[in-house]
Amino acid sequence: MKKIHALLVTLLFGFASGAGLFALALLPSPEVLQSERRKPAAPPAFSDLRDGSWMRNFENYAADKFPLRDSFRRLRAFTALYLLRQTDKDGLYLDQGHAGKFEPLNETAALRCAEMIAKLAANYPDQQVYYAIIPDKSIYARRDFPGLDPARLREVAAPILDELTEIDLVPALSLGSYYRTDLHWDQAKLRPVVEALGDRMGFTPRWDFTTQGLGAFHGVYAGQLALPLKPDEMTILTDGVTDGAAARYFDAKSGEFVSGPVYHSGKVTGRDPYDVFLDGAQALVILENPNAETDRELYVFRDSFGSSIAPLLLPNYRRVTLIDLRYINARILPQYVTFSPGADVLFLCGWQIFNANTWMT
């Protein structure tokens, strides 16, 4: 009886393995893993046999192409977080309805990023220079996750950036300031942040915005967790300034600026709905307020968080120039941007920039 049982198990395992390999051979690879917002792994090449990476590359390729991939990812997440009651799944967690991911602070990267900012700031002696670090939402979670420690990050960065004016955003934010399914902050919840910036930078925020809903928004963590999380609501804030603003986007191919809207509402159904704000990843964006009551100008060295807060700052400035050093080298910046004397310069970025030092110099 035991032999029959063992034989049946062997046959069943062989059938399942064979069916899986057969499916992998016949089914086409998806162009994009939609839920994870990335391209699938490429099939291994014969040249990978030389360095022994063929099997590892094949495993990644097979896992990405597996027809029931999302179902098994969902089952794994459900088992880890609900059945086994683990704190997280590969650093991804659920807390008070918010999905997030915690990472330990990389002090070496943070130190180098602070040094880079200090070096850049030295180029602007005729401007008022500020910096603000956007904390990860994990610090507002009910649990004490082993991720970002804002106090420690401040200890690392502050001595190097002591010539700049710091703006502490931790008190201006809360868990509710962020999307539940994404790492970014929710534009509709940023009034305390704008007020904190205005208090240090010397302007009184105007808040005459109207909230416009664009539909459901599934953030990056929803896909990474693979759980059926309730989507966020994508909203934008508009007023006469944002409606009448002139937005210009740098085109790297032509080296020229191209006109466009402040909000790209059609992006809400695209691969990354957060691209609604200033068309997503952009090296340089210039926003002009033709009806400004002031001649003040603002230059913001930013990451993706800056895309959603920039329209809220525009009522207080004649021009806001956004610079993302992940997509343009600081050495060629003077070819395209001239910093006006007396203007404000703000280094505003999420702590992920400090933790990975992904800005180019």
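**The largest pocket**

A: Happy to: α11 gives the most to the lining of the largest pocket, with 5 residues. Helices here are DSSP runs of H or I with at least four residues, numbered from the N terminus. This is a predicted model in which local features need pLDDT of at least 70 and side-chain atom pairs count only at pLDDT 80 or more, while totals for chains, interfaces and linings use all residues. Residues are numbered from 1 along each chain as its sequence is written, and side-chain values use heavy atoms, leaving out hydrogens and water.

The pocket holds about 530 Å³ of space (an open set of points on a 1 Å grid where a 1.4 Å probe fits, with protein on both sides within 12 Å along at least five of seven lines; lining residues have an atom within 4 Å of a point). Its lining counts 23 residues, and L183, H184, V220, Y221 and Q352 come closest to the centre. Two or more lining residues come from each of α8 (220–225) and α11 (351–356). By class, the lining has 8 nonpolar, 6 polar and 9 charged residues (charged: Asp, Glu, Lys and Arg; nonpolar: Ala, Val, Leu, Ile, Met, Phe, Trp, Tyr, Cys and Pro; polar: the others, Gly among them).

As a side note on helix packing, α5 (residues 107–121) passes α6 (residues 150–157) with axes that come within 9 Å and cross at roughly 45° (lines fitted to C-alpha atoms over the stretch in contact, with angles from 0 to 180 degrees between N-to-C directions). E107, A110, L111 and A114 of α5 meet R152, L153, V156 and A157 of α6, with contact meaning heavy atoms within 4.5 Å. That contact has 6 nonpolar, no polar and 2 charged residues.

How values were computed. Points joined across faces, edges and corners; volume = space filled by probe spheres on them.
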